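I have my notebook open and a new structure to explore. Here is what I looked up, entry by entry.

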Amino acid sequence: MHCSSFFAPLFFKASIHFFDPSSQQEGMDIDKAIRDCDDRRLKTKYNNAIYVVKRALSLYSTEEVAFSFNGGKDSTVLLHILRAAFFLHKEEEGCSVDGLKEFPIRTIYFESPSAFPEINSFTYDMATNYGLLMDIIRTDFKSGLESLLKNRPVRAIFLGVRIGDPTAVGQEQFSPSSPGWPPFMRVNPILDWSYRDVWAFLLTCKVQYCSLYDQGYTSIGSIHDTLPNALLCINNSTGSKGKFRPAYLLSDGRSERAGRAKRFSPSVLNPTSNGASNVDLQKQSMLTASVIAVGDEILFGTVEDRLGLSLRRKVHSIGWSISHTSIVRNDIDSVAEEVELRRSSNEMVFIYGGVGPLFSDATLGGIAKAFGVRLAPDEEFEEYLRHLIGEHCTGDRNEMAQLPEGITELLHHEKLPVPLIKCHNVIVLTATNMAELDLQWDCLIELTRTGDLFPLLEPYKSKHLTTKLSDVEIAPSLAKLCLEFPDIHIGCYRESRSGPIIISLKSKNEERNELAAEGLSKKFQTGAFSEIELHSPEI
């Protein structure tokens with residue numbers, strides 16, 4: 001490979017790879033394999049995709065189109081559809097492609113340091129096997145496109161986007177680029193293809209795909225956010241796990257992205273707490289969450305928010321800190337504003353209330369607005385609702401089954417009649433009472449242990465002291481204690497105006513709590529402080 005003559009730090013062009021003499025025949029073999037198969041659905045999807053590609057090739061010259069390839073299964077499908085469509089298009093025009101030494105549609109590959117090595121290897125194999133003229137970009141997608149389009153007359157880019165992908169929201173088969181992006185036409189030939197359609201094509205045509213898919217990966221992102229799909233895990237006779245069935249054996253394509261969970265650094269997943277030397281590690285393991293309640297009845301004081309108190313305790317019990325708790329009106333704009341603010345400043349957001357068919361149930365609409373997507377019907381969720389409420393529903397089932405499009409993940413658990421809803425780092429709890437909240441939380445924790453939804457950290461340890469000293473007497477010493485033990489949450493309160501002061505010490509390290517308590521006691525006369533056991537009141 002050698003660097004291209006333009007923007008060498010950002011791009012380099014793969015060396016020219018010559019077609020095998022049978023390459024055109026291979027492209028036509030794809031077409032023949034589909035036409036000879038018995039899968040009527042696949043034939044329809046293929047014919048529609050071929051039409052979209054040929055339409056684009058009629059609207060734009062070969063020099064004005066490009067193909068974005070990422071090594072994944074969807075773009076692999078599109079690669080072969082492009083090849084077949086190109087030869088069919090030239091054949092219809094009466095143009096000969098005999099002696100063609102390179103596939104003329106330029107290929108763009110965004111090479112990332114966080115990509116799987118298998119993805120890179122597969123991509124370069126495809127470039128070699130099919131003579132792809134490849135522009136390799138090592139910057140972010142937007143900057144890379146801007147530089148590319150300045151140096152090439154590209155007006156349209158073929159993308160392997162499918163409905164359900166986060167980037168597919170609002171797109172059609174021909175969609176102009178979004179505002180703020182360099183101008184080009186996004187061409188999506190397989191937009192309406194399902195997970196099943198993709199694998200039907202790859203297996204019917206017997207083409208090579210990335211080896212990661214044979215190791216249980218069903219949707220591949222970066223090495224930081226991609227795991228094998230737990231639904232494909234094989235349990236051996238001893239009950240241990242480790243091997244996975246291939247991706248094409250996933251029975252429910254709606255679980256395609258089940259392995260795309262946010263990974264956290266090892267210091268977060270495995271925090272240690274063995275003394276003062278680990279203060280920095282403890283700080284790194286401080287993940288924060290916000291809790292949002294939706295309901296005018298809570299704001300008006302009509303009902304007591306018992307769920308919020310219990311939820312904050314539950315979040316605290318898994319080692320997370322609550323950075324903010326709020327109550328917002330049953331209003332889409334109010335929910336959207338709060339969710340947008342909290343999701344960007346916290347690792348997780350837990351929201352409850354305002355879910356249902358009533359006019360006042362604005363939670364899902366607010367979440368959709370916060371992420372800039374629309375609400376769209378979800379067939380899977382509607383099926384759950386149909387089994388749950390049957391004909392007794394007084395509202396519109398379709399309305400209840402509308403979820404934020406392209407960002408929603410349904411969290412299934414056998415004990416839950418309806419799956420929990422997760423939109424990126426926002427989890428929606430539908431509990432209306434304490435029993436339901438306990439059940440949903442327990443199921444969520446079980447799913448977290450198996451699916452890596454979010455890390456379960458070292459729980460907080462608490463120590464409580466009480467004293468009859470006055471606020472003024474202990475204030476200077478407490479201020480110094482906060483500086484000496486920055487890893488400990490130090491709080492003071494009274495249960496009554498004339499009662500003793502209670503000092504709370506909370507951290508991930510019990511020994512640190514003991515050291516802080518001893519340090520405070522030494523600043524005063526013996527017996528000035530005594531330890532007490534506090535129990536959470538019943539909710």
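A nonpolar core, as I use the term, is a set of buried Ala, Val, Leu, Ile, Met, Phe, Trp, Tyr and Cys residues joined through side-chain atoms within 4.5 Å. I kept in mind that this is a predicted model.

**Entry: the cores.** I looked up the largest nonpolar core and found 60 residues in it. Tyr46, Ile81, Phe158, Trp193 and Phe201 have the most contacts inside this core. Helix 3 (residues 73-92) gives the largest share, ten residues. I then picked Ile81 and set aside its neighbours within four places in sequence; Ile81 is in contact with Tyr46, Ala49, Ile50, Val53, Ile190, Trp193 and Phe201. Another core, of 29 residues, lies apart from the largest one, and Trp320 and Phe350 are among its members.

**Entry: helix 4.** Next I went to residues 117-130, a helix of 14 residues. From first C-alpha to last, helix 4 reaches 20 Å, close to the 20 Å expected at 1.5 Å a residue. Which residues of helix 4 are buried? I noted Ile119, Asn120, Phe122, Thr123, Met126, Ala127 and Tyr130. Seen down the axis of helix 4, these fall within an arc of 165°, so they line one face of the helix. Gly131 follows helix 4, with a positive phi near 60°.

Entry: Strand 18 (residues 461-467) pairs with strand 21 over three bridges, and Glu531 in strand 21 is the bridge partner of Leu465.

Methods: Residues numbered from 1 in each chain as written. Predicted model: local features only at pLDDT ≥ 70, side-chain atom pairs only at ≥ 80, totals over all residues. Heavy atoms only, no water. Helix = DSSP H or I, 4+ residues; strand = E, 2+ residues; numbered from the N terminus. Expected span 1.5 Å × (residues − 1). Buried < 20%, exposed > 50% of the residue type's maximum accessible area, 1.4 Å probe, protein only. Arc of directions from axis to C-beta. Pairing = 2+ DSSP bridges. Contact = heavy atoms within 4.5 Å.
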